Amino acid sequence: MNWKQVEGFHAAANVKIAIHYNTSKDLAQKLADKLNAVRADSAIIVQANLLKKTDIDRMVKTVLENFKGLDLLVRENKIWFCFRLCFV
């Protein structure tokens, strides 16, 4: 799936998207801004070095604070479908 497909998926389905980045904040923010212009508060960016447990914990906490569940996680160069992953 590429960025255009993410935008299409976002437009077609009522999903919330967390966009992960480690160092590419500008690119992540650009995509989030584009998605939020279509549907407000539907995308967030989250910085984390996935080699650091504290960063991963912070990323999960940020997602939970913003969304009750997660539909799609965009991780820099990969896109993971979570299929309505809900955190209890």
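Modeller: Let's start with a term: a residue is buried under 20% relative accessible area, exposed over 50% and partly exposed in between, with a 1.4 Å probe and protein chains only. This is a predicted model, in which local features need pLDDT of at least 70 and side-chain atom pairs count only at pLDDT 80 or more, while totals for chains, interfaces and linings use all residues. Residues are numbered from 1 along each chain as its sequence is written, and side-chain values use heavy atoms, leaving out hydrogens and water.

Colleague: Good, let me try it. Is D55 buried or exposed?

Modeller: D55 counts as buried because its relative accessibility is 12%. This residue sits in helix α3 (residues 53–66); helices here are DSSP runs of H or I with at least four residues, strands are runs of E with at least two, and both are numbered from the N terminus.

Colleague: Which backbone atom does the side chain of D55 reach?

Modeller: A polar contact is a pair of N or O atoms within 3.5 Å; within protein, one must be able to donate a hydrogen and the other to accept it, and residues adjacent in sequence count only if both atoms are side-chain atoms. Here the D55 side chain reaches the backbone nitrogen of N49 at 2.8 Å. Leaving aside residues up to four places away in sequence, D55 touches Q47, A48 and N49 (contact means heavy atoms within 4.5 Å).

Colleague: And S42, is that buried or exposed?

Modeller: S42 is buried, because its relative accessibility is 2%. S42 belongs to the loop between α2 and β2, and a polar atom of its side chain lies 2.6 Å from the backbone oxygen of R39.

Colleague: Now the strands. Why is β1 largely enclosed?

Modeller: Five of the five residues of β1 (residues 17–21) are buried, so the rest of the structure largely encloses this strand. I17, I19 and Y21 cover one side, A18 and H20 the other, and all are buried.

Colleague: In which sense do β1 and β2 pair?

Modeller: Strands pair if DSSP finds at least two bridges between them. β1 and β2 (residues 43–47) pair in the parallel sense over five bridges, with I17 opposite A43.

Colleague: Which residues form the largest nonpolar core?

Modeller: Such a core is a set of buried Ala, Val, Leu, Ile, Met, Phe, Trp, Tyr and Cys residues joined through side-chain atoms within 4.5 Å. The largest has ten: V15, I17, I19, Y21, A28, L31, A32, L35, A43 and I45. Its largest share, four residues, comes from α2.
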